[in-house]
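Let's take a friendly walk through a protein structure together. Keep the sequence and the 3D view side by side as you read.

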Amino acid sequence: MKNIVIVATIKVKEAFKEEVYNELLKLHKATHQFDEGCIQYDLHKDLSDDFSFTFVETWESQDFLSLHEEKEHFKAFVSKIENKIEGLTINKLEKLEI
């Protein structure tokens, strides 16, 4: 199977910036600690937008990504940021062999 690359950008509502940022950090730590098949899981801050954060992730396969999405720490993250973000964009990519 080919690796799956995820680019997930979260635009946070201004009033919840610190709260959501702390949840992003918890998710980052828990993913590195508990998720198998995670090759890369890096959190980035947008230099032109203080309220925008992006995860760049690489997973060994879709199966490992699906397992991540079922983990308690991921579900808790989704629940805790509900109604605190303006938008979420998730791009699921596969590297082309050229």
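A30 is buried, with a relative accessible area of 10%; buried means under 20% relative accessible area, exposed over 50%, and partly exposed in between (1.4 Å probe, protein chains only). You will find A30 in helix α1. Helices (H or I, at least four residues) and strands (E, at least two) are DSSP runs, numbered from the N terminus. Not counting residues up to four places away in sequence, A30 touches D35 and H73, where contact means heavy atoms within 4.5 Å. A30 and N3 are 27 residues apart in sequence, and their C-alpha atoms are 21 Å apart in space.

A word about the model: it is predicted, so local features need pLDDT of at least 70 and side-chain atom pairs count only at pLDDT 80 or more, while totals for chains, interfaces and linings use all residues. Residues are numbered from 1 along each chain as its sequence is written, and side-chain values use heavy atoms, with hydrogens and water left out.

S61 and N3 are 58 residues apart in sequence, yet their C-alpha atoms are 5.0 Å apart in space. S61 sits in the loop between β3 and α2, and at 5% relative accessibility S61 counts as buried.

Next, look at how the helices pack. Two packed helices are described by the angle between their axes and the distance between the axes. Helices α1 and α3 pack at an angle of about 170 degrees, with their axes 9 Å apart. Axes are lines fitted to C-alpha atoms, for helices over the stretch in contact, and angles run from 0 to 180 degrees between N-to-C directions. The pair α1 and α3 is therefore roughly antiparallel; angles under 35 degrees count as roughly parallel, over 145 as roughly antiparallel, 65 to 115 as roughly perpendicular and the rest as oblique. On the α1 side the contact is made by E19, V20, E23, L24, K26, L27, A30, T31 and F34, and on the α3 side by H73, F74, F77, K80 and I81. These residues divide into 8 nonpolar, 2 polar and 4 charged. Here Ala, Val, Leu, Ile, Met, Phe, Trp, Tyr, Cys and Pro count as nonpolar, Asp, Glu, Lys and Arg as charged, and the others, Gly among them, as polar.

Helix α3 also packs against α2 (residues 62–70), at an angle of about 60 degrees and with the axes 5 Å apart. That makes α2 and α3 oblique to each other. H68, E69 and E70 of α2 meet E72, H73, F74 and K75 of α3. By class, this contact has 1 nonpolar, 2 polar and 4 charged residues.

Which residues of the largest nonpolar core touch the most other members? Among its 16 residues, they are I6, I10, L24, F55 and F77. A nonpolar core is a set of buried Ala, Val, Leu, Ile, Met, Phe, Trp, Tyr and Cys residues joined through side-chain atoms within 4.5 Å. The elements giving two or more residues to this core are β1 (4–12), α1 (17–34), β3 (52–59) and α3, and β1 supplies the largest share, 5 residues. Leaving aside neighbours within four places in sequence, F55 is in contact with I6, V7, A8, L24, L27, H28, Y41, D42 and L43.

Charged side chains make links too. A search of the whole structure finds 7 salt bridges, a salt bridge being a side-chain nitrogen of Lys or Arg within 4 Å of a carboxyl oxygen of Asp or Glu. One of them joins D49 and K11 (2.5 Å, N to O). This pair links distant parts of the chain, 38 residues apart: D49 is in the loop between β2 (38–45) and β3, and K11 is in strand β1. K11 is partly exposed, with a relative accessible area of 26%.

K71 forms another salt bridge, with D35, the closest N and O atoms being 3.8 Å apart. K71 lies in the loop between α2 and α3 and D35 in the loop between α1 and β2, so the pair ties together parts that are 36 residues apart in sequence. K71 is partly exposed at 29%, whereas D35 is buried at 9%.
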